[in-house]
2 protein chains.
Amino acid sequence: MNAKLQWLRNKMSSLNLQGIIISNPVNIKYLTKIDAEGTLVITPKENVFITDGRYIEHVHSILTLFDEIIVYDINDVSLDDYENFFMFCENVGFEENYITYAKYKEYKRIYKINNFVETEHIIEKQRMIKDEEEINSIKKACNITDECFKNILNYIKVGMTEKQIAKQIEDFYIENAEGISFEPIVASGENSSKPHAVPTDRKIQEQDIITIDMGCKINGYCSDMTRTIFVGEPSEEMRKIYEIVLNNNKFVLSQYKEGANTRQIAKMVENNFKLNGHNLIHGLGHGIGLEIHETPKINYKNDSTLKENMIISDEPGIYIPGKFGVRIEDTVQITKFSCISLTNSGKDLTII
Amino acid sequence: MNAKLQWLRNKMSSLNLQGIIISNPVNIKYLTKIDAEGTLVITPKENVFITDGRYIEHVHSILTLFDEIIVYDINDVSLDDYENFFMFCENVGFEENYITYAKYKEYKRIYKINNFVETEHIIEKQRMIKDEEEINSIKKACNITDECFKNILNYIKVGMTEKQIAKQIEDFYIENAEGISFEPIVASGENSSKPHAVPTDRKIQEQDIITIDMGCKINGYCSDMTRTIFVGEPSEEMRKIYEIVLNNNKFVLSQYKEGANTRQIAKMVENNFKLNGHNLIHGLGHGIGLEIHETPKINYKNDSTLKENMIISDEPGIYIPGKFGVRIEDTVQITKFSCISLTNSGKDLTII
């Protein structure tokens, strides 16, 4: 059995759960590497994956004997099978955010569960701390993202549309990685004032500012990086705001480490923004892993304490409505006494 | 208030529900034309749509005063508001298949609901019967699908890949409709033996059989049609199977009408297939509307009785593993005494 399933069994034992039903497909992928529709059922004796005919072959091609996972076609599971899975179990856990109320009732009935217990994101919490293999995948995705940025810097020319640049990013990631980890943002001129801008047919002009937010996947694990660049000499106002954002991106890097309180860090960035007459209008960062946005959420409303081998983003941004915006973002690994930025594209003010 | 919301209020009253919370986004679109993330809350006095900042502007642009729908930003809904929605309500309905167990508990708590009642697809069942406006949308989508098929017949040439043909279908639907209603199937040669084949890089050859399953959307409503065509003279075996499938497609058209039992019809098709040494390995049809697959499911395991103005598919198919397959499918409107095929592309054996 792999280390992640072993961890889960230890965790279950500490919570006095004799079984658990896992429905969140990302958690199933995390625990088993299985990327298919289905349900993972951990019984006192076995690990069972219940799927359907469409996926049986694919799942068998991923698993080895060492995995100790039994695969069932849902059409072959009898009512007796369901009953046997959790026979003599007192408490069985489930993921209350990933099953419908109808499924909850059905499971209670068919599995004959005595005490069906909400598990409050135990697996998502564990997913915050990455192991060596996971970190290596994210590192690779970050390296490819740095390469992609180099490629894009050479590619962008006045007259191209935002969509064209976004397409180039996607093509690069399809060729060099497992594709994008999210739809890239390419926001130029006044579009850059919207944090979640979608690429448009707007053409790059002389004197433009361009925000590029992008990432790819390796072994299912994501990277996430934002750079803001300039076409021709930026205005005094743009320079000033770029400097504030960059200073705060660097300040956050100096603060991220095991034990740091993220609410405090976000509060300090917010204070610095306010001192300069601006606001922090979105979160300062988020966990990165199999999903592009994972726990912890880093902002001045949430308390959370950083731990070694969390991978999180550091992404301060300032947006002047209707004019322009600047965001600088890195993917960062937390260590015992500091942190390591895994994205390493240059952050000095760049004019193309 | 529109006729669909009025229907819902009458239905609620007959079920002794004083309120209902609707979470299924397709049901929300059906009732209100709103196509945005959010929750529709029908209280004794009001129709309320709770959404977030991203959608407020879009939702307001769709609604008119006549709709009598109040739109809230979820961040502006206070605990008092939640409590007031269902004040003095005895029974409030919810969609047990569309809220998580966690949301179920949260809703019970914040809305202070006495008796939270499962509603067992009441809206999905109503959606089976289409009104004039809905039928007109589906008719248009079917006409465009017939046009697309004409276009494709002229487009296909030996040497093209399945993917290229699928791309041409998508482009046609983007230009002439609201895009595809599902990823088109273009399955040639031995690929046609898989009912759910995905287009590949396989090139069309002389003597090929090609199954094309496609549809588009108009006003959100879908069309669905399959034709199987031949490149050059088909083999005797192909001709024979084509004839069996076509005869059964026509037989089903002769049987579809108000009051018909779909299980019986499917059973007769299955019998005819068996008589000829083949099996019916998938459903014979399904409802078509805002979703490409809706209730009723038409097969020999499910009982259901057809009603006037249902729109369903008629899609018998025979598949010879590793060799080839034939499927012929129409989108059909049920009438009082017969039915009308809304897709009208020729079904006589076609050689290109």
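Modeller: In this predicted model, Ile144(A), Thr145(A), Glu147(A), Cys148(A), Asn151(A), Ile152(A) and Tyr155(A) of α7(A) meet Gln164(A), Ile165(A), Gln168(A), Ile169(A), Phe172(A), Tyr173(A) and Asn176(A) of α8(A). Contact means heavy atoms within 4.5 Å. Residues are numbered from 1 along each chain as its sequence is written, chains are lettered from A in the order in which they are written, local features need pLDDT of at least 70 and side-chain atom pairs pLDDT 80 or more, while totals for chains, interfaces and linings use all residues, and side-chain values use heavy atoms, without hydrogens and water.

Biologist: What makes α7(A) oblique to α8(A)?

Modeller: Helix α7 (residues 132-155) and helix α8 (residues 162-176) of chain A pack at about 140°, with axes 10 Å apart. Under 35 degrees is roughly parallel, over 145 roughly antiparallel, 65 to 115 roughly perpendicular, and the rest oblique. Therefore α7(A) is oblique to α8(A). Axes are lines fitted to C-alpha atoms, for helices over the stretch in contact, and angles run from 0 to 180 degrees between N-to-C directions. Helices are DSSP runs (H or I, at least four residues), and strands are too (E, at least two), numbered from the N terminus.

Biologist: Why are α9(B) and α10(B) called roughly antiparallel?

Modeller: Helix α9 (residues 236-255) and helix α10 (residues 262-275) of chain B pack at about 160°, with axes 11 Å apart. That angle falls under the antiparallel rule, so the pair is roughly antiparallel.

Biologist: What makes Glu118(B) and Lys105(A) a salt bridge?

Modeller: Their closest N and O atoms are 2.6 Å apart. The rule asks for a side-chain nitrogen of Lys or Arg within 4 Å of a carboxyl oxygen of Asp or Glu, so the pair qualifies. The count between chain B and chain A is 2 salt bridges.
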